[in-house]
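Visitor: I am new to protein structures. Could you guide me through this one?

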Amino acid sequence: MGQANFNSPVGPIAIYSEDGCITKIEFNKHLEAEATDSVIEDCQTELTEYFDGKRQTFGVKIKPVGTEFQLRVWNMLKKIPFGKTISYSDLAIRLGDLKVIRAAGTANGKNKIPIIIPCHRVIGKDGSLVGFAGGLHIKEKLLRHEGVISGEQIKIFG
């Protein structure tokens, strides 16, 4: 198991690995003890490239852990392109059933590997920023970085 810090433009990030895969990324966290490994170093490189505007997709190995439904949701999130957003209802429809909107939103919120699994790209149907475990200010910064929003064109609800 490895763990290391990453200083990003959206604040400190802790990266965790296990069995050669990234297992968790936490915002606003600074680890006192680091035990880096090659997959964490690869992740740090890819995150640097992402924040430098040189990377739009990630190739680092990840190991999300969740229910079958959560894994389906997270796989769907990986299909949302850089610089694009979808609504929670769009996500449910892509999963095959509008009635799973709440469950899809809950699964989105339980994503332990944000940025790489881009849960920040799911927004409210009215364009509002809602539901981000790292905080709406970080979600806004990520979407601004990806060019989705500029100025004050998007509403932020807490």
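**Aromatic rings and overall fold**

Guide: Y50 has 0% relative accessibility, so Y50 counts as buried. Keep in mind that this model is predicted.

Visitor: Is the pair of Y50 and F82 stacked or edge-to-face?

Guide: The ring centres of Y50 and F82 lie 6.1 Å apart. Their planes meet at 80 degrees, and over 60 counts as edge-to-face. So the pair is edge-to-face.

Visitor: How many residues apart in sequence are the parts that Y50 and F82 tie together?

Guide: Y50 lies in helix 1. F82 lies in the loop between helix 2 (68-77) and strand 4 (86-87). The pair therefore ties together parts whose separation in sequence is 32 residues.

Visitor: Is F6 buried or exposed?

Guide: Buried means under 20% relative accessible area. F6 has 9% relative accessibility. So F6 counts as buried.

Visitor: Which aromatic cluster do F6 and Y50 belong to?

Guide: The structure holds five aromatic pairs. One of them is F6 with F51, stacked at 6.4 Å centre to centre, with 25 degrees between the planes. F6 and Y50 belong to one cluster, made up of F6, Y50, F51, F58 and F82.

Visitor: Which pattern does the protein follow along the sequence?

Guide: The protein has five helices and five strands. Read along the sequence, their pattern is β-β-β-α-α-β-α-α-β-α.

Visitor: What is the radius of gyration of the protein?

Guide: The globule rule gives 15 Å for 158 residues. The protein comes close to that, so it is as compact as a globular protein of that length. Its radius of gyration is 15 Å.

Technical notes: Residues numbered from 1 in each chain as written. Predicted model: local features only at pLDDT ≥ 70, side-chain atom pairs only at ≥ 80, totals over all residues. Heavy atoms only, no water. Helix = DSSP H or I, 4+ residues; strand = E, 2+ residues; numbered from the N terminus. Rg over C-alpha atoms; globule rule 2.2 N^0.38 Å. Phe/Tyr/Trp six-rings, centres within 6.5 Å; stacked < 30°, edge-to-face > 60°. Buried < 20%, exposed > 50% of the residue type's maximum accessible area, 1.4 Å probe, protein only.
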